Amino acid sequence: TAQLHHRCRSSVLSAAVTAQHNPTPRLSSTTAVAPRTDPGRAPMAEAASAAGATPLLPGLPDEISIWEILVRLPPKPLLRCRAVCPAWRRATSARDFLLAHHARQPALPLLYRRSGNGSSIDIIPCDHQAADELRSVARLDGAPGIFLQACCDGLLILGTWNKTDEGYAMMASICNPVTRQYAPLHQLDGFTFLGMYPHCPTDEYRLLLYLAPRFKDDAQSGSYIFTLGSDQPPRHIGCRDAKELLHSPRSVHFHGSLHWHTERLIMVFDTTSESFRQMRSPIVPDHVIGDLFEMSDMLGMFSLNAEETIVDIWVMLDYESQVWASKGRVELPISGIRLQLEKFDTWLDLVAASWNGDDVLMMVKFEDDSLLQIDIDGKLVASLHRRFLCPTRLRLKQSLVSHTFFPTLEGYVVNALPFI
């Protein structure tokens, strides 16, 4: 329709302006799905020829239209462009194109918003530079208490607590909020989820699990690995000490490994050798809370002092040598903010997130559903107020890449419940 063509043209023109001012965007160090060193350039000839003899955009070679303009569109405008004509659909559906498109998506801090009765959640990547900072990319209906456990290459692991005869059991599922694919993970019943990662030697996605001992010296307890799409049960790899991770914040996938902060150490799981090791932490003795995050292609960490007034931010300058350096100290202006915004309730959660490389914001969650954003200078950047809005320690990098494991999972659906 004319309206569709107009909307697509506006999106394409916006991407063209972006391409002109930013011709070589930097790719995230955690992108593991791209099969080539430069995923956007090597397959140009195949995709351009697949688009057909008629140029996609009049006056421009397809190499420019595809790899400098269309590849920069956000996922939803790109999906709309597929409806323009078959040539556009073929060009924007090729796997190499989708890998390059995913690599150029920003990794945004992930928020979620529960419904009043807790039976559904909105998935919200928080882009503080966007006009609509809290635009939901998907809404899922499900059991009360649904929550987010992990995010990797645009895939989300969800959890719910279901009542059983023996109490409550955690049920896991996986989805892609952009492609609206969903499947329960019945193979994880009885296990505790620790993390998700791409296993680069096999191009598989795997889940790190933990099975608690049922009795003293239970030989079956410890860590397990499950490969998405496999018909085999989770594989036992031992390492009972991983039980320390059960009380740690969510893992951070960086430099080919999963990382958790535990007490005064950082536990590391190498996703290639699938083994654990430890790294030292920069946390100072009088700080009681610490957590990890990714910042500007470096591993970052923040710690909060016992008085809950000062946050120290650290970055790991040399990963191999474990060299940490101070990024700065944030004095949380909580008392001043309470007076300014007339907030007299207590705050519940503190999360560090990075935007545009070196920009760090502290997100402070209050009891009254307010979410404050404070920059590294201690200034209040924004105050977001939405009922049941919660921060996470996850980052969503949206993806339209299809995965072969989805159809193999029992209960797999696409564009159907629980998506609403």
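Modeller: Let's start with an open sheet of 4 strands, in the order β3-β2-β1-β24, with antiparallel pairing. Two strands count as paired if DSSP finds at least two bridges between them. Strands are DSSP runs (E, at least two residues), numbered from the N terminus. This is a predicted model: local features need pLDDT of at least 70, side-chain atom pairs count only at pLDDT 80 or more, and totals for chains, interfaces and linings use all residues. Residues are numbered from 1 along each chain as its sequence is written, and side-chain values use heavy atoms, with hydrogens and water left out.

Biologist: Which are the edge strands there?

Modeller: β3 (138–141) and β24, each of which pairs on one side only. The twist averages 25 degrees from one strand to the next; for that, axes are lines fitted to C-alpha atoms, and angles run from 0 to 180 degrees between N-to-C directions.

Biologist: How many bridges are there between β1 and β24?

Modeller: Strand β1 (residues 108–114) pairs with β24 over 5 bridges, in the antiparallel sense. L111 has P391 in β24 as its bridge partner.

Biologist: And what about the sheet with β9 in it?

Modeller: That one is also written as an open sheet of 4 strands: β8-β9-β10-β11, with antiparallel pairing. Its edge strands are β8 and β11 (235–238), each pairing on one side only. Neighbouring strands are turned by 30 degrees against each other on average, direction ignored. Between β9 and β10 there are 6 bridges, and L209 stands opposite Y224 in β10.

Biologist: Switching topic, which residues touch the most other members in the largest nonpolar core?

Modeller: I174, L185, F193, M196, L207 and L228 do, out of 24 residues in that core. A nonpolar core here is a set of buried Ala, Val, Leu, Ile, Met, Phe, Trp, Tyr and Cys residues joined through side-chain atoms within 4.5 Å. Elements giving two or more residues to this core include β6 (167–176), β8 (192–199) and β10 (222–227). The largest share, 4 residues, comes from β9.

Biologist: Is β7 buried or exposed?

Modeller: Both faces of β7 (residues 181–184) are covered: Q181 and A183 are buried on one side, Y182 and P184 on the other. Buried means under 20% relative accessible area, exposed over 50%, and partly exposed in between (1.4 Å probe, protein chains only). β7 also pairs with strand β25 (residues 413–414) over 2 bridges in the antiparallel sense, with Y182 opposite V413.

Biologist: Why does N162 count as partly exposed?

Modeller: Because its relative accessibility is 28%. N162 is in strand β5 (residues 155–164), and its C-alpha atom is 8.9 Å from that of G145, 17 residues apart along the chain.

Biologist: What lines the largest cavity?

Modeller: It is lined by 32 residues, and C151, H253, E294, L394 and R395 lie nearest its centre. Among the elements giving two or more residues to the lining are β4 (147–152), β16 (287–295) and β24 (389–396).

Note on methods: 1 Å grid on protein atoms, 1.4 Å probe; cavity = no way out; pocket = protein on both sides within 12 Å on 5 of 7 lines; lining within 4 Å.
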